[in-house]
Amino acid sequence: RAASRGGTGRGREERGRDARGRMAFLFKHKVRSPVEQVKQIGDDLAEVGVPRWNKHADNKADPKRGPVREQSLARAAKHIGQLRRMVEGMPLNQSADTPKGASEREGGASTSQQAADLAILEMCKNGLIHQLCATLSILDMDSCKDITACVNAAIHSTIDGDRPGVEYLLENQHIFDILSAGYKSDSTALHCGAIIQESARHPELARVMLLDP
């Protein structure tokens, strides 16, 4: 009888693991493409009052308020963290504790780099860099670190000989006004300063910051 009870217990345990595995599969989150990820973050930030920037359009937002706004902020923070993993070239299905170099051994490095490049191009195309910089004052410290990493990755990037992040900032110099104002605030000085420092590494951007009013 003891053996029978032991066998039954093991059987229940195995069935429990199988059931949990099936539930995890059913509730596994869909991995967004870089295009979808950038669009989703733009939508999230528009909901909290940070509209997409278009110098030829009326950049107004209809921000949510109360609990809905808090939910939108939490959603934005989560998606920005995912974007950081993307632009840093981490495979989309790789966990944070995966050993460094594992993606290369599994042949995922080139795919990850392609996703990173596409995400950066979409950030510039859709004005997300403006939204991210304007959001530094309303998100928490960890999210601000993610924003800084994303923006600096875009500034540092070279894709097929082009530098989309540098070109974007040259065309949208008002972002330096946002960063300069943020640098004067204790809560955002560190992050705005890091983006300004990365920008200053590029002569064209350094010239804008030093010479333009």
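## Cysteines in a predicted model

At 0% relative accessibility, Cys150 counts as buried, where buried means under 20% relative accessible area, exposed means over 50%, and partly exposed covers what lies in between (1.4 Å probe, protein chains only). This is a predicted model, in which local features need a pLDDT of at least 70 and side-chain atom pairs count only at pLDDT 80 or more, while totals for chains, interfaces and linings use all residues. Residues are numbered from 1 along each chain as its sequence is written, and side-chain values use heavy atoms, with hydrogens and water left out.

Cys144 also counts as buried, at 2% relative accessibility. The structure holds zero disulfides, a disulfide being a pair of cysteine sulfur atoms within 2.5 Å. For Cys144, the closest cysteine sulfur is that of Cys192, and because the two sulfurs are 8.2 Å apart, they are too far from one another for a bond.

## Confidence

The pLDDT, which is the predictor's confidence in each residue on a scale from 0 to 100, averages 81 over the protein, and 69% of the residues score at least 70. Over residues 2-6 the pLDDT is below 50, and this stretch has zero contacts in the model beyond near neighbours in sequence, a contact meaning heavy atoms within 4.5 Å. Residues 103-107 also have a pLDDT below 50, but that stretch has six contacts beyond near neighbours in sequence. Where pLDDT is low, the predicted coordinates should not be read in detail.

## Overall layout

The protein has 11 helices and zero strands; both are DSSP runs numbered from the N terminus, with helices (H or I) needing at least four residues and strands (E) at least two. Of the 213 residues in the protein, 38% are buried. Among contacts between residues at least 6 apart in sequence, 69% join residues at least 24 apart.

Two pairs of residues give examples of C-alpha separations across the chain. Asp43, which lies in helix α2 (residues 34-47) and is partly exposed at a relative accessible area of 25%, is 29 residues from Ser72 in sequence and 9.3 Å from Ser72 in space, C-alpha to C-alpha. Gly127, in the loop between α5 (109-125) and α6, is buried at 3%, and its C-alpha atom is separated by 9.4 Å from that of Pro51, which is 76 residues away along the chain.

## The nonpolar core

A nonpolar core is a set of buried Ala, Val, Leu, Ile, Met, Phe, Trp, Tyr and Cys residues joined through side-chain atoms within 4.5 Å. The largest such core has 40 residues, and those with the most contacts inside it are Leu83, Met123, Ile129 and Leu132. Helix α7 (residues 141-156) provides the largest share of this core, with seven residues.

Gln131 is found in helix α6 (residues 128-135) and is buried, with a relative accessible area of 0%. The side chain of Gln131 reaches the backbone oxygen of Gly42 at 3.2 Å. Apart from neighbours within four places in sequence, Gln131 is in contact with Gly42, Leu45, Ala46, Val50, Pro51 and Arg52.

Thr135, also found in helix α6, is buried as well, with a relative accessible area of 0%. Not counting residues up to four places away in sequence, Thr135 touches Leu45, Val50 and Ile147.

Helix α10 (residues 189-200) has 12 residues and reaches 16 Å from its first C-alpha to its last, close to the expected 16 Å, the expected span being 1.5 Å times one less than the number of residues. Within α10, His191, Cys192, Gly193, Ile195, Glu198 and Ser199 are buried. The buried residues of α10 pack against α6, α7, α8 (164-171), α9 (174-183) and α11 (203-211).

In the loop between α7 and α8 lies Asp160, which is exposed, with a relative accessible area of 78%. Although Asp160 is not a glycine, it has a positive phi of about 50 degrees.

Conventions
A polar contact is a pair of N or O atoms within 3.5 Å; within protein, one must be able to donate a hydrogen and the other to accept it, and residues adjacent in sequence count only if both atoms are side-chain atoms.
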